[in-house]
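Dear colleague,

Please find below the structure that I am handing over to you, with its sequence. My findings are set out after it.

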Amino acid sequence: RKPGYRRIINTALCIGLAMMSKLSTGFIAVPVGFIFIAGLIRSRFKDKHIWLQFVSFAGIAFPLGLWFPIRNLISWGIPPTYVFDLGIIPTQDLSGYTVIERLFGTSEASMTIPYVLFDENYKDFNIFTVLFKSSLFDDFDHHDKFGITLIAAILLFLGLYLVIMFIVGLVRTVIRAVKERDVCLFAVLLLFVTEFVSIVLFAFKYPLTCSVNFRYIFPTVICFLLFTALCFPKSDNQYRKLIQKIAAGVIVLFSVSSIAFYACEWMAMPFF
């Protein structure tokens with residue numbers, strides 16, 4: 001909305017330095033690039049300032065983010081997208097499941113145990129189930145401890161409620177972005193789609209449970225927060241206000257449950 005070199009240089013530095021840590025963070029450059037392109041289209045590609053800003057962004061972000069992978073490629077022939085081959089791990093191998101199962105399938109174990117399952121006989125093979133569970137509990141598994149598992153179950157159900165809010169908000173966001181031609185909302189939607197497509201493709205390319213973890217698409221937290229908030233537009237309707245208060249209560253309970261779960265994990269209490 002207010003393009004300036006200070007903001008653009010700061011953004012380029014953040015993205016470039018993030019890519020030095022983890023190359024996949026470069027996906028956030030896609031929505032940022034979209035904002036640049038939208039600005040150029042509005043100016044009919046005649047605004048020299050936007051061109052210079054775009055060049056400044058690329059001249060900072062890409063050298064910072066790509067120098068190390070390019071160095072490895074030149075020095076040792078290591079591809080920039082190289083992933084260490086873990087081989088076949090019986091407790092995580094998902095190569096035997098079909099595309100339909102990976103996208104839409106469920107199992108009794110995955111539905112009854114809140115944690116991500118790493119077992120030869122019981123696996124979480126659904127990509128979205130693993131993403132959801134890992135977003136709450138990462139790779140922790142305490143199904144043998146009643147207290148912490150009870151907290152995890154509560155957290156899981158509250159999380160499902162938030163997912164419903166997110167889906168409703170996502171639909172509202174798409175409608176609003178199209179109606180208002182809101183470049184910012186389109187950029188956030190593009191970030192969400194880019195991240196999710198990348199993790200799904202990665203999951204099929206490397207069919208292991210550990211290949212699917214929410215930490216790999218953590219920038220989508222921005223999308224989840226925004227879309228969930230947009231689930232409830234401002235309204236004077238008493239019924240809608242009541243629903244919003246209930247939703248606010250769920251969010252507070254979700255936050256408290258999350259703190260309780262990780263506090264128990266940190267303290268490693270025998271019972272909990």
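Predicted model: local features only at pLDDT ≥ 70, side-chain atom pairs only at ≥ 80, totals over all residues.

Helix 2 (residues 29-42) and helix 8 (residues 183-205) have axes that come within 8 Å of each other and cross at roughly 145°. The crossing of helix 2 past helix 8 is right-handed. On the side of helix 2, Val30, Pro31, Phe34, Ile35, Ala38 and Arg42 make the contact, and they meet Val183, Phe186, Ala187, Leu190, Leu191 and Thr194 of helix 8.

The largest nonpolar core contains 21 residues, and Leu131, Phe192 and Phe227 have the most contacts inside it. At least two residues of this core come from each of helix 6 (127-137), helix 7 (146-180), helix 8 and helix 9 (220-229). With nine residues, helix 8 gives the most. Beyond its neighbours within four places in sequence, leucine 131 contacts Phe196, Ile199, Val212, Asn213, Phe214 and Ile217. Another core, of 18 residues, lies apart from the largest one and includes Tyr115, Phe132, Ile148 and Leu158.

Serine 211 is located in the loop between helix 8 and helix 9. Serine 211 counts as buried because its relative accessible area is 6%, under the 20% cut-off. Its side chain reaches the backbone oxygen of tyrosine 206 at 2.8 Å. Not counting residues up to four places away in sequence, serine 211 touches Ile199, Phe202, Tyr206 and Tyr216.

With kind regards

Note on methods:
Residues numbered from 1 in each chain as written. Heavy atoms only, no water. Axes fitted to C-alpha atoms, helices over the stretch in contact; angles between N-to-C directions. Helix = DSSP H or I, 4+ residues; strand = E, 2+ residues; numbered from the N terminus. Left-handed = near helix turned anticlockwise from the far one by under 90°. Contact = heavy atoms within 4.5 Å. Core = buried A, V, L, I, M, F, W, Y, C linked by side-chain atoms within 4.5 Å. Buried < 20%, exposed > 50% of the residue type's maximum accessible area, 1.4 Å probe, protein only. Polar contact = N/O pair within 3.5 Å; in protein donor to acceptor, adjacent residues only side chain to side chain.
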